[in-house]
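Take the fold apart piece by piece.

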Amino acid sequence: MKAQNLILKINGEERSVTVRSADTVLFILRGRLGMTGSKPGCLNGDCGACTVNIDGWPMKSCLMLAVEAAGKEITTIEGLKDTPIQKAFVEHFAFQCGYCTPGFIMNCHSLIHHHPDADDKKIKEWLKSNICRCTGYEEIETAIKEVLKGGGRGAGE
């Protein structure tokens, strides 16, 4: 398999990486760039532990090829700093073992940005894309609602 050099924009910085055509964004983030916040879980898009934001939308990084990410803005959990949803997760203990937490935070961050007036139905719909094996969904919903109550925006990205 032939390798090629790519420039990926990750958390506002351009990063030069050599990729094979079959390399996923998750593999490049963790294996080549040492960014281990995105977690490998099912590796088939079911669990959401590897969720990153691509141009502001949540994406399972295990499903996206690195070559497809060229020219797009990739935001990982390492790129979020003191966002309202991160603070709300801490305040409401919206994590248990923590393995799924980065993926949930990236998904929730995008939800709040795109739907600052999300209702219960919309929140549940978005949360279906991530799995918490410790079943901490109630606390996660509480964290989202607290951020939305405060206006939702201000999360920055």
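Lys9 stands opposite Glu73 in strand 5. Two strands count as paired if DSSP finds at least two bridges between them. The elements themselves are DSSP runs numbered from the N terminus, with helices of type H or I and at least four residues, and strands of type E and at least two.

All of this comes from a predicted model, in which local features need pLDDT of at least 70 and side-chain atom pairs count only at pLDDT 80 or more, while totals for chains, interfaces and linings use all residues. Residues are numbered from 1 along each chain as its sequence is written, and side-chain values use heavy atoms, with hydrogens and water left out.

Strand 1 has another partner. Strand 1 and strand 2 pair in the antiparallel sense over 8 bridges. Gln4 stands opposite Val19 in strand 2. The two strands form a hairpin with 2 residues between them. Asn11 lies in this loop, and its phi is near 50 degrees, a positive value in a residue other than glycine. Asn11 is partly exposed, with a relative accessible area of 24%. The classes are buried under 20% relative accessible area, exposed over 50% and partly exposed in between, computed with a 1.4 Å probe on protein chains only.

A second hairpin joins strand 3 and strand 4, again with 2 residues between the strands. Here Asp55 takes the positive phi, near 50 degrees. The strands run antiparallel, with 4 bridges. Asn53 stands opposite Pro58 in strand 4.

How do the strands line up in the whole sheet? The sheet is open and mixed, with 5 strands in the order 2-1-5-3-4. Strand 2 (13-20) and strand 4 (57-60) stand at the edges with a single partner each, so one side of each has no neighbour in the sheet. The twist averages 45 degrees from one strand to the next. Helix 1 (residues 25-32) packs on the sheet and touches strand 1, strand 2 and strand 3 (51-54). Contact means heavy atoms within 4.5 Å. The direction of helix 1 makes about 105 degrees with that of strand 2. Such angles run from 0 to 180 degrees between N-to-C directions, along axes fitted to C-alpha atoms, for helices over the stretch in contact.

Now turn to the helices. Helix 4 (residues 120-127) buries Ile123, Trp126 and Leu127. Seen down the helix axis, these residues fall within an arc of 100 degrees, so they line one face of helix 4. The arc is taken from the directions between the helix axis and the C-beta atoms. The cover over these residues includes strand 4, helix 3 (101-114) and helix 5 (137-149).

The largest nonpolar core has 23 residues, and Ile85, Phe89, Ile140 and Ile144 touch the most other members. Such a core is a set of buried Ala, Val, Leu, Ile, Met, Phe, Trp, Tyr and Cys residues joined through side-chain atoms within 4.5 Å. Helix 2 (84-91), helix 3, helix 4 and helix 5 each give two or more residues to this core. Helix 3 gives the largest share, 6 residues. Apart from this core lies another, of 16 residues, among them Ile10, Ile28, Val52 and Ala66.

Ile140 touches Phe89, Ala94, Phe104, Cys108 and Leu127, leaving aside residues up to four places away in sequence.

Which polar contact does the side chain of Asn107 make? Its partner is the side chain of Asn130, at 3.1 Å. A polar contact is a pair of N or O atoms within 3.5 Å; within protein, one must be able to donate a hydrogen and the other to accept it, and residues adjacent in sequence count only if both atoms are side-chain atoms. Asn107 sits in helix 3 and is buried, with a relative accessible area of 2%. Its neighbours, not counting residues up to four places away in sequence, are Thr51, Pro58, Trp126, Leu127, Ser129 and Asn130.

One more loop residue remains. Phe93 lies between helix 2 and helix 3. Its phi is near 50 degrees, positive in a residue other than glycine. At 62% relative accessibility, Phe93 counts as exposed.
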